[in-house]
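Look at the sequence and the model below before reading on. The notes that follow are grouped by topic.

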Amino acid sequence: PRSGEREEDAATRPLPLPPAGEGRGEGGKGPSMTRTKQWLYAWLLLAPAMSLLVLFTHYPAVANLWHSFLSTPKGSRPAVWVGADNYVQLVEDPIFWQALSNNLWYALGTIPVSIALSLLMAVWVHGKIAGRGFLRLAYFTPTVLPMIAVANIWLFFYTPEYGLLEQFTKGLGFPSHNWLGSNSTALASLMVVTVWKEAGFFMIFYLAALQSMSPSLAEAAAIEGASRWTFFRRVTFPLLMPVTLFVLVNAVINAFRLVDHIVVMTRGGPDNATALLLYYIYEIGFRFWDSGYAAALTMVLLGILGLTALIQFFVLERRTHYQ
């Protein structure tokens, strides 16, 4: 036969079946045994991280929920079951409601400003400008400073009569003002400190995302005649939504976990004007040693953060475009 016929016969000839026991996984025990080993291997890899997560996250949350229904042990008197008494006390506590209101205003004033400012700084230092490396370093420097050091720096800025801010306002002809000792400006002064420290940290994530974008997108937009604002609004910002979601989650967490600055700068004053929720929990738990009531306050804080996380991941996540 000719060569073409040999090739055709070889192409149509059925392949020989493998011997018994082959193709069924290791040792011929079938695919179920191989799948079981894969699952076992996967769970063994996950075990260290899951153990730490359960030990330091899930177990404390469950234990805190249990302690919120108990009284505070004192001396030889052990804790007893009090049911919802701690939560009833929480509802009737005016300082709790003031701390919660302060925290909501604090979050509303710091989260949008920090994210917007960090995005603006990232877009600026991403461009070809003189001294770009120095600007990046200057913007990121507040992030690496310890929170206590930042609080002391700004405490000097806000010092009445002698602070740097007072010297500046006096030069403009304004009267002296106690920025941290006035109910009208104390909380806003803390917001400025937070924005100053967090914006540079969030800028790093936006800058990394901008640097990972393909330059062909800007080239195509320029060929089509799109302006820089149109390109940012229609292309750049939608592609930055995954980073924005990540930054937003971190900003919300930071807005509800501030303690250091308050301890150094205001101690919750004046007249609880700067008492945020976590600082109030710290005061109840470690100053007045009321662990039962502090546990109930902590559950409220966990509930707020959990609800916020669900909204972020189930509402904003669906509108987020991933490359």
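## Briefing

Q312 is in contact with L245, L248, V249, V252 and E317, leaving aside its neighbours within four places in sequence; contact means heavy atoms within 4.5 Å. This is a predicted model, in which local features need pLDDT of at least 70, side-chain atom pairs count only at pLDDT 80 or more, and totals for chains, interfaces and linings use all residues. Residues are numbered from 1 along each chain as its sequence is written, and side-chain values use heavy atoms, with hydrogens and water left out.

**Overall make-up**

- The protein has 14 helices and zero strands; helices (H or I, at least four residues) and strands (E, at least two) are DSSP runs, numbered from the N terminus.
- Along the sequence, the pattern reads α-α-α-α-α-α-α-α-α-α-α-α-α-α.
- Of the 323 residues, 33% count as buried; buried means under 20% relative accessible area, exposed over 50%, and partly exposed in between, with a 1.4 Å probe and protein chains only.
- Among contacts between residues at least 6 apart in sequence, 66% join residues at least 24 apart.

**The nonpolar core**

- The largest nonpolar core holds 57 residues; such a core is a set of buried Ala, Val, Leu, Ile, Met, Phe, Trp, Tyr and Cys residues joined through side-chain atoms within 4.5 Å.
- F96, Y106, I111, Y206, M265 and L297 have the most contacts inside this core.
- L297 touches L90, F96, Y280, I281 and I284, once neighbours within four places in sequence are set aside.

**Helix 8 against helix 11**

- The axes of helix 8 (residues 186-212) and helix 11 (residues 241-255) come within 10 Å and cross at roughly 165°. Axes are lines fitted to C-alpha atoms, for helices over the stretch in contact, and angles run from 0 to 180 degrees between N-to-C directions.
- Helix 8 is therefore roughly antiparallel to helix 11. Angles under 35 degrees count as roughly parallel, over 145 as roughly antiparallel, 65 to 115 as roughly perpendicular and the rest as oblique.
- The crossing of helix 8 and helix 11 is right-handed; a crossing is right-handed if the near helix is turned clockwise from the far one by less than a right angle, and left-handed if anticlockwise.
- On the helix 8 side, E198, F202, F205, Y206 and A209 take part, and they meet V243, T244, F246, V247, N250, A251 and N254 in helix 11.
- By class, the contact of helix 8 with helix 11 has eight nonpolar, three polar and one charged residues. Ala, Val, Leu, Ile, Met, Phe, Trp, Tyr, Cys and Pro count as nonpolar, Asp, Glu, Lys and Arg as charged, and the others, Gly among them, as polar.

**Helix 10 against helix 11**

- Helix 10 (residues 228-239) packs with helix 11 at an angle of about 55°, and their axes are 5 Å apart.
- This angle makes helix 10 oblique to helix 11.
- F237, P238 and L239 of helix 10 make the contact with M241, P242 and T244 of helix 11.
- The residues of the contact of helix 10 with helix 11 divide into five nonpolar, one polar and no charged.

**Helix 14**

- Q312 has its place in helix 14 (residues 291-316).
- Q312 counts as buried because its relative accessible area is 5%.
- G292 is also found in helix 14, and G292 is buried, with a relative accessible area of 1%.
- G292 touches H67, S68, L70, T72 and N86, not counting residues up to four places away in sequence.
- G292 and N64 are 228 residues apart in sequence and 8.8 Å apart in space, C-alpha to C-alpha.

**The loop between helix 2 and helix 3**

- F69 is in the loop between helix 2 (31-67) and helix 3 (85-91).
- F69 is partly exposed, since its relative accessible area is 24%.
- F69 touches V80, W81, V82, G83, A84, N86 and Y87, not counting residues up to four places away in sequence.
- F69 and A295 are 226 residues apart in sequence, and 8.5 Å apart in space from C-alpha to C-alpha.

- Most residues other than glycine have a negative phi, and most peptide bonds are trans.
- A cis peptide bond joins G269 and P270, with omega about -5°.
- P270 is in the loop between helix 12 (260-265) and helix 13 (277-287).
- D271 lies in the loop between helix 12 and helix 13 and has a positive phi of about 55° although it is not a glycine.
- D271 is exposed, with a relative accessible area of 62%.
- N272 lies in the loop between helix 12 and helix 13 and has a positive phi of about 60°, although it is not a glycine.
- N272 counts as partly exposed, at 26% relative accessibility.
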